[in-house]
Amino acid sequence: MPPEKDVFDLVIPSAIAISIVSIVIGPVFFPLFHSAFLLAYFSAFFLLSCSHMFKFSLAFPRVLDTIARANDVESKGLVVAEIAHLHLFVLPNYCEPLQLLRKTVARLGSHRAAKTNYVIVMAMEEREAESVEKARALREEFEDSFKDFLVTFHPPNIPGESAGKGSNVNYAVRTACGVLSRKGIPMKQMMVTVSDADSGIPELYISCLERAAADAVDPYSVVYCPPIFFSRNAFSVPAPVRATDIMWSIMHLQNLANPRGLMFAASNYSLSMVLADKVGYWDTDFASIGEDMHMGLKCFFKTEGAMRMVPIYVPINQANVQTTGWFENIKARYVQAKRHYFGVADTAYALRNAARAPSNPQNSYNLSFLLDRIQICWLTLEAHIVPTTAGWLMMAAVPMFEMLRPGLFDVANYGTEGGLSALGVSLATAKLWSNMWFAAKVMSTLGSSPLLINAFMYEYYHRRIERDLLKKEAGPAAHGANHAHGTPRRMLKQNTGASYGGTGHQVADNNRPREWRYLSDFLWLGFSALIFMTVPSTEAAIRAVVRGSKEKYVVAQKMVENEDD
């Protein structure tokens, strides 16, 4: 059962409340303290952004190097080492288009080891009306392509459970483990890869995963994390959605360069069945709705710091949220963002577990475990406090201060009613406050500049991934784009069909690579930060505390009709 709400559940909502309220009351009642706070916040944000830029500059060349070395091996006809594990690919899905699921499974079926070492676990939801029909169609089409093809149907209304990816994965993995164990396959041989229904997993990921597992000191205490990449339907969605998911990719990739093996997975990750069983599989309550981050935290605390995360520098290609119509697509991406930010509950989970005394008394005096707990809590807070506070403070704090306290820090106004003398500040100190306020305004402007530098680096990274890993080539359809709406002019007419929940609509040619002209996408970053970060994270944090498990789990629509397998 989920724990009762405590003070840790109030950390993120309190940070949001303080940020929003301080924008209004700070300039009026505590102008000096508020201005000093803003300078400190903006400076910290800038330094944090610089650290992200540095880590991204370390991580993306590792991805390119991994792909380049693999291509070199392929070109020389060298033999790839045999696969030692039985790989379970768990594909949780709910109301996903059958066409999307087919493409995802077919991609896995194209791998050379699929028939000897791959087990597909289609994790269906019993509450979905078409789940049985979809499962039957997929099994009939693909069961001969894999060593085994399992289908599970997660029952609804299990006491203590909340609908979502975590509860579905938990049921599917437990069921699959039981089936395979009865067939005589030991847990040590099972490697579980959890992914989204739209994840295009390349064969190179499995090769690198096998190598990492072989090199690990304790392969049964490792969670393996690949970067995410959005290219399956990128040209079929509005520019704000593209820009948002690119920044999401950047932030996740830089996280893979964290020290001490402490980082977070996003959507896709792998771990031994031994580790999954050791920690009691996946949690299923509403507080664990962000199942990827939550499972990493659970493994860390359940093993008392023995678990480590290892980056696998092979991108997993995914689909952006896509619906028909520009505004409908924006709305759908907002819904997805809000669902992601329900993961703010993991901040309370991390702080709560870090505060508890270790079950092993020796770990109470273990400095390394203490430092690890501090770092994991810092990373969790960073992932949730920054999105929920930065938008309000970075965008609104300085303009609101200038509106409510015009000219307060202008030394020329020192002796006036609206000047610093009215606050009892000496003239010499007034100059210091004036300089501090100027610095705060500068830092509020420069705070996000490292993220823009990341965006420029990402353009090179993205094009290399599409060329070297996805093998996309520029063609006639690469010409012409409507930058005002962020969607290409050259479109292909296609009808998705009623059975997939779609109607006739225009879709873009997503088999061409991204070009430098799409830098214009980043003109939407301010809009995207507000609509897909600040507002949904704030709403999610408040609703998670007020409504909790009463919240409905909503899946955003994705379509990848015009994509080559």
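Which residue in β4 does leucine 86 stand opposite? The residue is methionine 190. The legends below return to this pair in the setting of its sheet.

**Figure 1. Overview of the predicted chain.** The model is predicted. The chain has 565 residues, and 55% of them count as buried. Its secondary structure comprises 16 helices and 13 strands. Among contacts between residues at least 6 apart in sequence, 82% join residues at least 24 apart. The accessible surface of the chain is about 23900 Å², and carbon and sulfur atoms account for 61% of this area.

**Figure 2. The open sheet of 7 strands.** The strands follow the order β3-β2-β1-β4-β7-β5-β8, with mixed pairing. Strands β3 and β8 (308–311) stand at the edges; each has a single partner strand, so one side of each is left without a neighbour in the sheet. On average, neighbouring strands of this sheet are turned by 25 degrees against each other, direction ignored. In general, the strands of a sheet pair through backbone hydrogen bonds, in either the parallel or the antiparallel sense.

Figure 3. Strand β1 (residues 86–92) is parallel to β2, and the two pair over 6 bridges. Within this pairing, leucine 91 has methionine 122 of β2 as its bridge partner. Strand β2 is also joined to strand β3 (residues 148–154) by 7 bridges, and these two strands run parallel. Here valine 119 has aspartate 148 of β3 as its bridge partner. Strand β1 is joined in turn to strand β4 (residues 190–194) by 5 bridges, again in a parallel arrangement. Leucine 86 stands opposite methionine 190 in β4.

Figure 4. Strand β2 is mostly covered, and 8 of its 8 residues are buried. Tyr118, Ile120, Met122 and Met124 point one way from the strand. Val119, Val121, Ala123 and Glu125 point the other way. The residues of both groups are buried.

Figure 5. Tyrosine 118 belongs to strand β2 (residues 118–125). The relative accessible area of tyrosine 118 is 0%, and the residue is therefore buried, given that burial requires a value under 20%. Leaving aside residues up to four places away in sequence, tyrosine 118 touches Leu86, His87, Phe89, Leu108, His111, Ala113, Phe146, Lys147, Asp148 and Ile206. Among these contacts is Asp148, the residue that is the bridge partner of valine 119. Tyrosine 118 and serine 145 are separated by 27 residues in sequence, while their C-alpha atoms are 9.0 Å apart in space.

**Figure 6. Crossing of helices α8 and α15.** The axes of helix α8 (residues 239–255) and helix α15 (residues 449–468) come within 10 Å and cross at roughly 95 degrees. The two helices are therefore roughly perpendicular to each other, as angles of 65 to 115 degrees are classed in this way. From α8, the contact involves Ile246, Met247, Ser249, Ile250, Met251 and Leu253. From α15, the residues taking part are Leu451, Asn454, Ala455, Tyr458 and Tyr461. By class, this contact contains 9 nonpolar and 2 polar residues, with no charged residues.

How values were computed
Residues are numbered from 1 along each chain as its sequence is written. This is a predicted model: local features need pLDDT of at least 70, side-chain atom pairs count only at pLDDT 80 or more; totals for chains, interfaces and linings use all residues. Side-chain values use heavy atoms; hydrogens and water are left out. Helices (H or I, at least four residues) and strands (E, at least two) are DSSP runs, numbered from the N terminus. Buried means under 20% relative accessible area, exposed over 50%, partly exposed in between (1.4 Å probe, protein chains only). Contact means heavy atoms within 4.5 Å. Accessible areas come from the Shrake-Rupley method with a 1.4 Å probe; for residues, only the protein chains shown count as cover. Axes are lines fitted to C-alpha atoms, for helices over the stretch in contact, and angles run from 0 to 180 degrees between N-to-C directions. Angles under 35 degrees count as roughly parallel, over 145 as roughly antiparallel, 65 to 115 as roughly perpendicular and the rest as oblique. Ala, Val, Leu, Ile, Met, Phe, Trp, Tyr, Cys and Pro count as nonpolar, Asp, Glu, Lys and Arg as charged, and the others, Gly among them, as polar. Two strands pair if DSSP finds at least two bridges between them.
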